[in-house]
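Please look over the structure shown here before reading on.

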Amino acid sequence: MAAISSIDLAELYHEITKEKGKPLDVWEMTALLEIYGIRDIDAVKEYGFTSVFDMGEYMQKYIIGKSYPQKSLVNWEKIPPFGKRVFLNYIRGLAFAMPMFVQIFFTLTIGYALWSGVNMDQETATAIALGTFLALIVTGASAQAIGRKGLFYLKQDEFILAANVTEALKKVGLLIILGVGLVVLLIQLFFHIFPFYYFYVLIVFYLLLSFLFLNISVYYMFEEYTKILGFFLLAMILTYIAHAIIKVKLPEAQFISLVIINILLFILVIRKIRRLKKKNTISEGEEIPRASMLFYSLITFYMYGFFYFVFLVTDRIIAWSTYVPAKPYFIWFNVPYELGLDWALIVLILMMGFTEISIHEFMYRINDLVIQYKYKEYKKFNREIKNFFTKFNIVYLVFAIVIILLTYYVTYWLYHYWHIRYLGTFFHSYTPYVFWVAAISYVFMVNGLMNVLFIFSFSRQNFSITSIAIAVGLNILVGLILSRMFGLEYAVLGLLIGSLVFWIISFSYTVKMLRKMEYYYYSAF
């Protein structure tokens, strides 16, 4: 018999089963005691039992007569109704892509944005585009790492660790930015690839946008999408003031705006990290993992971020580098091709909202069903998840068709009936063709991203890298062959084939996971 009173044991039973539900047997009862921190030596010395298993068997008697809350991994009372949460998650997903929308909107309405301008000469436009692409590729990897590791610690309320790892990864990102910038500078000094002004615009945009994207990644980590949108709008207002009111020419007006917003963000990020360190005075630790361990845990995210942004810009580089008579440099901005892709980006932005819906609804559904089915009913569990996946993808496909058609015909209507100034250029040359192909490509790409996000959620990162790496390779191979054989506009077919294969590979692996969801669910962590 126990050395302490039954009342004390009853209180202990209440404590270990609080919010846990009814224990199934003596094994689960013993496990609950061990989770609470009771060892064999504690069971003997403090409670008078021979072992923690003996204690668990004795405490089985407290099961009878007690009411238990239904076991659930999802607190439905704190989650909005289905329609409301789908709408809110769609808006969150949309907010993630809002900086792109700001670019497109202001370029179409006032003729320029933070890193674009319709009236710029092609030489300057080429330099800006190359600087922007380089910034996206270089900082995309760091942004993925910061978002992954920083958010990981935030979700565990380990604020000091989140702050320390964010600082460390920001420094790594800064070193990468400066290192790549130095390499580009040395190549220019030795080989004189571009004229001075061309290179000056390229390198300044690269550095300023890289610093901007690196600092903004901290806000992505905190999932503060509204603030991110606010920073980009503020930068646009500053650009407008400098150019339209003070009469500073582009791109110098954009440089001024980017410098100001970078200084502001630098100060705010430092303050944010300092506040994070003060937020939690009780922590499991403050030392971040060793560099080797941190590298090993994040290398897949660095690689994924790198390949993802390379994939997004590859077809442009291939198209612009295709031989065209009288082209002054080996790579030259092509207006009709770029307009088609920018037009299709509207489809990409509107489809990105589905990424947030997909991961939230899948996790809600899986965590809810895993409680409802016993281990012998794993086939029913897998079937339920697979059916939900099928229905979700059908809805996604219908929505995608509607968005593509709306994007095209709303633009057509605004141009022909409202005569909006810059929209006429969208219907010249091969721009509509590029739009249709790129829009379909982005639909497959976003669906592939949804699959990859699902795969990431169950700790299968390596496969995700394989799928995006193959997509990049095909994008380059198909784009190079077709653009050189038939014309630069056929580079967009590389984007299509790459997106399609990315979707096929990620979709196939996701279906494989769904067939054995019980295994992937319990082996994820």
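What follows is a short briefing, grouped by topic.

This is a predicted model, in which local features need pLDDT of at least 70 and side-chain atom pairs count only at pLDDT 80 or more, while totals for chains, interfaces and linings use all residues. Residues are numbered from 1 along each chain as its sequence is written, and side-chain values use heavy atoms, with hydrogens and water left out.

**Overall make-up**
- The protein holds 18 helices and two strands, taken as DSSP runs (H or I, at least four residues, for helices; E, at least two, for strands) and numbered from the N terminus.
- Of its 525 residues, 50% count as buried, where buried means under 20% relative accessible area, exposed over 50% and partly exposed in between (1.4 Å probe, protein chains only).

**Salt bridges**
- The whole structure contains six salt bridges, each a side-chain nitrogen of Lys or Arg within 4 Å of a carboxyl oxygen of Asp or Glu.
- Glu 361 and Arg 85 pair at 2.7 Å, N to O; because Glu 361 belongs to helix α13 (residues 335-372) and Arg 85 to helix α5 (residues 82-96), the pair ties together parts 276 residues apart in sequence. Both Glu 361 and Arg 85 are buried.
- Asp 42 and Arg 39 form another salt bridge, with their closest N and O atoms 2.9 Å apart; Asp 42 is buried at 11% relative accessibility, whereas Arg 39 is exposed at 52%.
- Glu 224, Lys 227 and Lys 272 are linked in a network of salt bridges.

**Surface charge**
- Lys 278, in helix α11 (residues 252-279), is exposed, with a relative accessible area of 69%.
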